[in-house]
Every structure is written in C-alpha cells, then in structure tokens.
Amino acid sequence: MITVQQAEDIILSQTRDFGREFIPYDLALGKVLAEAVTADRDLPPFDRPTVDGIAIAYSSYEKGIRSFVIKALQPAGQPSVSLIAENECIEIMTGASLDKSVDTVIRYEDLSIDNGFATILIDIKKGQNIHRKGKDKKAGEILVKADQVITPAIIGIAASVGKTMLCVKKLPKTLIISTGDEMISPESVPSPFQLRRSNGITIKSVLERYTVQADMLHLNDDYREIKKELLRCIEEYDILLMSGGVSMGKFDYLPQVCEELGIEKLFHKIKQRPGKPFWFGKSRNQTLVFAFPGNPVSVFMCLHRYFIPWLQKSLEIQGPAFQYAVLQNDIDFLPSLQYFAQVKLHVNSEGLLTAEAVDTNGSGDFSHLTDTEAFIELPLEQDSFRKGEVYKIWKYNF
C-alpha cells in the first residue's frame, strides 16, 4: 500500500499529449487553447474618440478660437473627415476613425451647440479623449497565451481578430465503466436489494466540465464478461474510468482480469480514506485504467484528487488543481490513513478561504456532496487537526 503522494507521482508520470485539432471558435468554449492568439493589426486599428462630441485641431484652440463651425457629422464605421479651415470641427461619435487633421476631442457635455456652431465651455488639453492607434497591442503581439481553458472572453478576442478556427488540444477518448449486479439504470424502479447506478453519471458530468465527452458501459459481476469487454475496451480507448470491482470481495474480479490481460498494475491501494482500494495501471498499448472503489464518495474524491490533476497536466492547463484553506473546526482521525474530509467553503472578513468540515456516515454517504464544496486533505503523519491550521483543498462544487 502506497501513500497519497506516491500515488500522485505515479499517476502524473503517465501524462501524455493527445494531439491538436482545429475547430470553429464558436464551438471552442471549455477546450484548451493550443496556440497563441495574436493581433492581426494594431489595436485599436486607428485613432478613435472615447466620447461623443466634436473633434478639432488643438492649434486652433491655442490661437484663441472657441467657437467652431460643424463641418460634418461622422458616425462610427464611416470614412474619416478632414478639416481645412481653422474654425472648423467634426461632430463625431465614439469609436469613429479620427482624421490626421484633428487631434483633440471635446465631449457634448462640455459644449454649447447652436445653429451649426459648437462652442467650447471648459479648458481643454491637447489629445484628450482619444484612444490612440496601437495603444493596446501592436500587430503580431500576443493577445491570448496558449495552454488556457477557452473562456467567453477568449472567444470574443478570437472573433475580434478574425480567428474563426482555433487550434485546441485533443482530449483522450474516454470510457466510463460501472460494475455490479445490484446496480440498475436510473430510470428503473429498484427492488429492496438493488441500487440505481449513479457513479457513472457523476463521472460523466464532472468530465463534461472539461468538455470530455465520455462513453458509458455497465458490466455485471461476471468474470468472462468483464474480461471480454476489457479486452475490447483497451484497444478502443485512451482512458478507462471504472467504479467498483477492486476491493477484497469474492466478485471483485478486476485486479485478476487486468493481470490476465497484461495490463500492468502501477499500484493497488492507497493509505487514504475514502478510496483506499483504488487500482491504477496501463495496458501494452498505453491505455490507462483508473479503477476507483465503488462507494460514491470514494469515486468522487479519487476523480478530483487524481484524475482531474492528471488531465490538467496532460493538457498543460495553467494553474494548480488545488488551493489552501483555513480549517474552522477541530478534527481527530486516528487510523493511519490520509483523510479527505468534506468541507463547506467560505471567505472570511480578512479575505481568507476557510473550510468547515461536516460529519458524514462514511464513503457510502453521498448526501453531503451537494451542500459541501471540497475535500480537505489532512496529512497522514498526524491524527489531530486543529482550527486555524491550513491544509490543501480539492474543490468539486464551483
């Protein structure tokens, strides 16, 4: 049996690159950007007013001219209008293109307009209320760095520079396998001895946050069926995410089946609660098998503590998978295992993230997963954890 840190190291040593693909920008939300997005021209691409008002040549103002003849009205999106006479101005809208003959903009609130004349009512400065060409970025400069999850803001930037096809990182072809004779579909009515399948649905829902569209399969506790299906699946998929069949029960066939199929066991059992029986290995063709224990909370914890960090590292997503929080109540945990407690998160008046542990009834009690936000990871070396101490948290509701 290995430690949590050893399990993490082994899993993260198996990260891999699944390639690149180009997809339309409007289908890229949540994908991981595989290339930098650059400006196709200066931003802004021309000098433009930041307010509605008039545009003048400041040299005319310096000569004492305060009342200007309105030569033209220029809306945004129209060709710029130039000035010739010193006493002329352009009535201009925000975002319009400024001609080189003007260099100062005065907003309507600071003007008096009457009979085609605009009179300046305040003192002004040269160059005021103008957003200069290339002030934000020059043509060719990076607007969005690679290795980021694509957000609505990134899609907007891509659209603004005409980047209608984005290069994104391919995702692993993933299969979710649930096991157990007692498990029936969510649509069915269980007998007193049956349970509705939820682990696979839960895993699939979590993966959809990362735009991983996983297939699903349920296997009964039948040795031959499990062996036949696993042989097929390791040839078709990059990742198998399994729940159940890895403990010490007489019908927990997975470890033996994997051995017979030549799937290398990289570890089996971790010094942790929940999720102690977790099995991890890889096939000859490099398919990775994450086999989680069947209890719902064990599945949820192992998925967020191990698989999601593996996925993030494989996709080179920037930023850590975990955070730190200040424990808000005392916890005593005597077993020699690393404990992952469910916690509610808050931000206190000092701006610190705090974690309040809740009492549960073990790894089969999934009822608290809806009103908590994270697991707090409590070190193996201790059995007493006190309010005010700081520990890692792994968020799942956000």
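What is the relative accessible area of glutamate 86, and how does this residue count?

Guide: The model is a predicted one, in which local features need pLDDT of at least 70, side-chain atom pairs count only at pLDDT 80 or more, and totals for chains, interfaces and linings use all residues. Numbering runs from 1 along each chain as its sequence is written, and side-chain values use heavy atoms, without hydrogens and water.

Glutamate 86 has a relative accessible area of 42% and is partly exposed (buried is under 20%, exposed over 50%, partly exposed in between, with a 1.4 Å probe and protein chains only). Its side chain meets that of lysine 63 in a salt bridge, at 2.3 Å from N to O (a side-chain nitrogen of Lys or Arg within 4 Å of a carboxyl oxygen of Asp or Glu). Lysine 63 sits in the loop between helix 2 (58-62) and strand 5, and glutamate 86 in the loop between strand 5 (67-74) and strand 6 (88-92), so the pair ties together parts 23 residues apart in sequence. Helices (H or I, at least four residues) and strands (E, at least two) are DSSP runs numbered from the N terminus. Lysine 63, at 56% relative accessibility, counts as exposed.

By the same rule the salt bridges come to 13. One of them joins arginine 107 to aspartate 110, with the closest N and O atoms 2.8 Å apart. Arginine 107 is partly exposed at 35%, while aspartate 110 is buried, with a relative accessible area of 12%. In another, the side chains of arginine 232 and glutamate 236 meet at 3.2 Å, N to O. These two residues, arginine 232 and glutamate 236, are four residues apart in helix 5 (residues 223-236), and are therefore separated by about one helical turn. Arginine 232 has a relative accessible area of 34% and is partly exposed; glutamate 236, at 36%, is also partly exposed.

Salt bridges also link Glu8, Arg305 and Glu377 in a network. The axes of helix 1 (residues 4-12) and helix 7 come within 10 Å and cross at roughly 35° (axes are lines fitted to C-alpha atoms, for helices over the stretch in contact, and angles run from 0 to 180 degrees between N-to-C directions). By class, the contact of helix 1 with helix 7 holds seven nonpolar, three charged and no polar residues (Ala, Val, Leu, Ile, Met, Phe, Trp, Tyr, Cys and Pro are nonpolar, Asp, Glu, Lys and Arg charged, the others, Gly among them, polar).

Helix 7 (residues 296-314) also packs with helix 4 (residues 199-208), at an angle of about 30° and with the axes 10 Å apart. Helix 4 and helix 7 are therefore roughly parallel (under 35 degrees; over 145 is roughly antiparallel, 65 to 115 roughly perpendicular, the rest oblique). Helix 4 contributes Asn199, Thr202, Ile203, Val206 and Leu207 to the contact, and helix 7 contributes Pro296, Val299, Phe300, Leu303, His304, Phe307 and Ile308. Nine residues of the contact of helix 4 with helix 7 are nonpolar, three are polar and none is charged.

Conventions: Contact means heavy atoms within 4.5 Å.
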